[in-house]
Amino acid sequence: QTVVSLWEDVLMSERNKLGDELWTVYEQVCIAALDCQRIDISETCIELLKSKFPNSLRVKRLLGMKYEAEERFHKAGDLYDDIIKEDETNMFARKRKVAILKAQNKTLEAIEELNKYLKQFMTDFEAWMELCDLYLAVQDYTKAAFCMEELIMSNPHNHLYHQKFAEIKYTMGDPDNMAIARTYFAQAIKLNPNSVRSLYGCFLASSNLAASSNRKDKQSNIKYAAWAAQQLKEKYTTVQPEDLTNQTRVLESIERVLESLTEKTSN
Amino acid sequence: MAELIVSIQAYCKILLHAVKHPHCAVNGVLLAEDNKSKDRKVLKFVDCVPLFHLTLSLSPMLEAALLQIDAYCKSRGYIIAGYYQANENLRDKELNNVAKTIGRRIQENCANSYIFMVDNERLSQMLSSEMYRMYSPREASWKEEEKLETVTEETLRVASMLFLTDFQGGGCGGL
């Protein structure tokens, strides 16, 4: 939105001063305008770009995006197919086709299309992330976990990937997955000790494991949970003002979970 | 049939949460006054707690959040009695599986609970009726409630005024 208002107020009249940068600016303004549903501005930009670069695939893709914004999905799809015919390695057009399916809520087809794309372009991490989210939307946790595994393999130091993977494993529920979840949360904490989310994840995963009966490592799970709770308490006391913490009763809820664990062992 | 009231605060918070993240799905819970002792047929939603945007369905954070909200509610005499969700897609106002699962969990704690599915297309300045559809639990699934008046004129007016303020990421992004 800021881009569009900047364009309208300032840049439009000062176009000549931008020199060669002008065309990149047009492209960016066009996309920003589509985002804000200002089809008028985007049409102007596309016309200008077309007259300067008549056979450009980049311009064609902007036209495709405009059709998408107008919900003329068929036309957009055909246009992208043309682009792919002309240039088989064009990642952008293929991804837009997936976006079209997603916009029409055809999640399963979008998953299929994205899978095909990833077979050819295996290193596209954004695509793997998107596929993971699509699988989560249809609640296919196993496949979503697989996507995250690919991402972790590519970027093992990114604590967010470990965290998301752990969350998916936790959601799957059974004890083996819960143990895996706990490990990955721990790894995420190691990579980023400030991540409250991973601390909570570790706490909950360990509590869950400790609470379920017949686990040999019950004691060690209780210790993990207690450790995570301690870390969380420290974070809350140092970062948040005390009255806010008291109001939201955060620490008490953590205490209660811990107590219920230790009660069970004494029985 | 219980009468439902949604306070200005709850309604506007839901609106702001949805508009703040125009590119994502958002969800949250609604808190109501705990009426068990009073035995009245009016359910008043006084506040809401926005939960997530982007990925709505992963359990650990959901459990952590509900734990905390539960503790907060007990200290104030509230109860988690509702759940709202706004889908990512502009035209998607279906009650999807995520909403049903979370709705069920809330219902286990509070029998008289409701799901509010926000209709993205109705998020505009000319608000003449509520921006969501309500569902109440019936046997194995959720049934849509017919036009229940849940908000006052005052609430709708305040909500429309919010749109006049230009705040970051708000306004036309999701429309």
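Reader: Is A:Glu167 buried or exposed?

Author: A:Glu167 is buried, because its relative accessible area is 2% and buried means under 20%, exposed means over 50%, and partly exposed lies in between, with a 1.4 Å probe and protein chains only. Please keep in mind that this is a predicted model, in which local features need pLDDT of at least 70, side-chain atom pairs count only at pLDDT 80 or more, and totals for chains, interfaces and linings use all residues. Residues are numbered from 1 along each chain as its sequence is written, chains are lettered from A and ligands numbered from 1 in the order in which they are written, and side-chain values use heavy atoms, with hydrogens and water left out.

Reader: Okay, and where is A:Glu167 found, and what does A:Glu167 touch?

Author: A:Glu167 is found in helix H10 of chain A, residues 159-172, where helices (H or I, at least four residues) and strands (E, at least two) are DSSP runs numbered from the N terminus. Leaving aside residues up to four places away in sequence, A:Glu167 touches A:Phe185 and A:Arg197 as well as B:Leu58, B:Pro60 and B:Met61, with contact meaning heavy atoms within 4.5 Å.

Reader: What about A:Lys164, buried or exposed?

Author: A:Lys164, which is also found in helix H10 of chain A, counts as buried at 11% relative accessibility. Beyond residues up to four places away in sequence, A:Lys164 touches A:Met129, A:Cys132, A:Asp133, A:Leu136, A:Met148 and B:Thr55.

Reader: Switching topic: which residues touch the most other members in the largest nonpolar core?

Author: The largest nonpolar core has 51 residues, and those that touch the most other members are A:Tyr200, A:Phe203, B:Val29, B:Ile80 and B:Tyr83. A nonpolar core here is a set of buried Ala, Val, Leu, Ile, Met, Phe, Trp, Tyr and Cys residues joined through side-chain atoms within 4.5 Å. A second, separate core of 28 residues includes A:Val29, A:Cys36, A:Cys45 and A:Met65.

Reader: And what does A:Tyr200 touch?

Author: Not counting residues up to four places away in sequence, A:Tyr200 touches A:Leu232, A:Tyr236, A:Val250 and A:Ile254 in chain A, together with B:Met61, B:Ala64 and B:Gln68 in chain B.

Reader: How do H12 and H13 of chain A cross?

Author: Two packed helices are described by the angle between their axes and the distance between the axes. For helix H12 (residues 196-211) and helix H13 (residues 218-239) of chain A, the axes come within 8 Å and cross at roughly 150°, the axes being lines fitted to C-alpha atoms, for helices over the stretch in contact, with angles running from 0 to 180 degrees between N-to-C directions. That makes H12(A) roughly antiparallel to H13(A), since angles under 35 degrees count as roughly parallel, over 145 as roughly antiparallel, 65 to 115 as roughly perpendicular and the rest as oblique.

Reader: Which classes of residue does the contact of H12(A) with H13(A) have?

Author: The contact of H12(A) with H13(A) has 16 nonpolar, four polar and two charged residues, where Ala, Val, Leu, Ile, Met, Phe, Trp, Tyr, Cys and Pro count as nonpolar, Asp, Glu, Lys and Arg as charged, and the others, Gly among them, as polar.

Reader: What about H3 and H4 of chain A, at what angle do they pack?

Author: Helix H3 (residues 39-52) and helix H4 (residues 57-69) of chain A pack at an angle of about 160°, with their axes 10 Å apart, and that makes H3(A) roughly antiparallel to H4(A). Among the residues that meet are A:Ile39, A:Ile46 and A:Leu49 in H3(A), and A:Val59, A:Leu62 and A:Leu63 in H4(A). The residues of this contact divide into seven nonpolar, one polar and three charged.

Reader: Where is A:Lys52, then?

Author: A:Lys52 is in helix H3 of chain A and is partly exposed, with a relative accessible area of 44%. A:Lys52 and A:Trp23 are 29 residues apart along the chain, and their C-alpha atoms are separated by 8.9 Å.

Reader: Last one: how many helices and strands are there in chain B?

Author: Chain B has four helices and seven strands, which follow the pattern β-α-β-β-α-β-α-β-β-β-α when read along the sequence. Buried residues make up 52% of the 175 residues in chain B.
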